[in-house]
Amino acid sequence: MNEAQTLFDALRQSVKPEIVDAFERFVRDAPDRKLCRINALAFAKAEGLDEEQTIAGFLHASHHGIFELSWNVLCPGCGGVLDANTSLKSLQREEYTCALCAAGYEPTLDEMVEVTFTVSPRVRHIEAHNPHALPPAEYFRQIYWGSGVDLPDEGFEEKVDEFMIEALELPPGEKAVIALQLPAEFVIIFEPVTHAAQFLEVAGEPTKERRNLALVFDRGHRHNETLRLQPGPLRIQVENHAEVRTLPSVCIANDALHGMLGRRRPFLTAKRLLSNQTFRDLYRTDTIDVDQRLKITSLTFLFTDLRGSTELYERVGDLAAFDLVKTHFSVLNEIVATEAGAVVKTIGDAVMATFPTPDRAVAAAMRMRDAMRELNEERGSEDLLLKIGIHEGPCIAVNLNERQDYFGQTVNIASRVQHLATSREIFATGSVVEDPRASSLLSDRGLNPMSHNVTLRGITNEISIFAIP
């Protein structure tokens, strides 16, 4: 553990000691399976740590080489990992198919891409570093299911036995036969390594006739039509054409299976990580490829600008104004980061920031306004008059000017809403203030936003703008 100790000591320079201590204990004491694809949100909850600080800690630890970061494409239905990548740049396909759910999905960064952390082999070697040597049940637990599926810590294999009839380890190039009695149930023959599935609808009068079924597993991600069979004997001939071991498994789609997959918990999404200031600071040049266009179904944008900044430079002089504007940027950056957001860029005296949810943007906006008021009171002047606009909606994450940025109508509207605001005003659209979390935040503070309809350049219909008092 000498190298590991050196890495943890270095981590203490940038991460709170209680978080580093928790990481160190976890890496030292946790069973192997818990150190594979760690759910950062679940870890923070279990350790009683601040969620944002824990995410930042995992990012710094990954940057130091303690953990390995993974971007996993998930099936929204079963929560299985359809593709695992060490970089978001590898996310190039327009559609991902889940054989287990027999459905195809266009990837979005909201709930379809999770970010997990696995301990580095240089710190501690775990079984999952060689996933093709894991027993079938552990392969499902550690490799196939995403971190949002809340699998039981105790009695996992017993629960798997309630729906899995047979499981076989099949080396590359090998053939085997699975002989079994088909029950009168909906049966799934599923192979989690190559993501292949065959559905069997078993019903009717039982038969003694021995049926035969041949399946070949490769990287084709094929899903065959559902076969209808009577209960009774079945010989399944399986053949592995993949370059690695496969795990043909025969499962019953019963309440035990659905009950296990129905237990879900929050996980760190790619959308949330892209709006994390620590992530942007550490990985600013290595996030999205220049030709990538990654969809996000909902992201909240906040734009700020200083009213009368030109007059400010004339009134107090370039040097004093520059220092004042720099202080204002520092305060805004800190507020954005503590509200789980990230500053995308600054344009002159303006700031463009993103937040995973509208309530965090609204909370940040109110804190910004208060902070500028305090700075003005300290100076005995009204030099820092902030205009703020907020809007939420779909967008595309892109790479512009060698940095991760966003494109789309939502961004344009947010910017134009900010331009409508006058000094010290926070303007937000209906999609922001009508969000249940943002609405609750405003209600708790006794604030009742006033609305008016406006026409924005480039937008056909009028939209409702709310002034937050």
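Colleague: Is the crossing of helix 3 and helix 4 left-handed or right-handed?

Modeller: The model is a predicted one, and in it helix 3 and helix 4 cross in the right-handed sense.

Colleague: Which residues of helix 3 and helix 4 make the contact?

Modeller: Helix 3 contributes Ala40, Leu41, Phe43 and Ala44, while helix 4 contributes Glu51, Thr54, Ile55 and Phe58. Sorted by class, the contact comprises six nonpolar residues, one polar residue and one charged residue.

Colleague: At what angle do the axes of helix 3 and helix 4 cross?

Modeller: The axes of helix 3 (residues 40–47) and helix 4 (residues 51–64) cross at roughly 125° and come within 9 Å. Angles of 65 to 115 degrees count as roughly perpendicular and those over 145 as roughly antiparallel. Helix 3 and helix 4 are therefore oblique to each other.

Colleague: Let us turn to the sheet. How do strands of a sheet pair?

Modeller: In general, strands of a sheet are joined through backbone hydrogen bonds, in either a parallel or an antiparallel manner. Here, three strands form an open sheet in the order 2-1-5, and their pairing is antiparallel. Strand 2 (81–85) and strand 5 (113–119) are the edge strands, each pairing on one side only. From one strand to the next, the twist averages 30°.

Colleague: Over how many bridges do strand 1 and strand 5 pair?

Modeller: Strand 1 (residues 67–74) pairs with strand 5 over seven bridges, in the antiparallel sense.

Colleague: Which residue in strand 5 is the bridge partner of Val73?

Modeller: The bridge partner of Val73 in strand 5 is Val113.

Methods. Residues are numbered from 1 along each chain as its sequence is written. This is a predicted model: local features need pLDDT of at least 70, side-chain atom pairs count only at pLDDT 80 or more; totals for chains, interfaces and linings use all residues. Side-chain values use heavy atoms; hydrogens and water are left out. Two strands pair if DSSP finds at least two bridges between them. Helices (H or I, at least four residues) and strands (E, at least two) are DSSP runs, numbered from the N terminus. Axes are lines fitted to C-alpha atoms, for helices over the stretch in contact, and angles run from 0 to 180 degrees between N-to-C directions. Angles under 35 degrees count as roughly parallel, over 145 as roughly antiparallel, 65 to 115 as roughly perpendicular and the rest as oblique. A crossing is left-handed if the near helix is turned anticlockwise from the far one by less than a right angle, and right-handed if clockwise. Contact means heavy atoms within 4.5 Å. Ala, Val, Leu, Ile, Met, Phe, Trp, Tyr, Cys and Pro count as nonpolar, Asp, Glu, Lys and Arg as charged, and the others, Gly among them, as polar.
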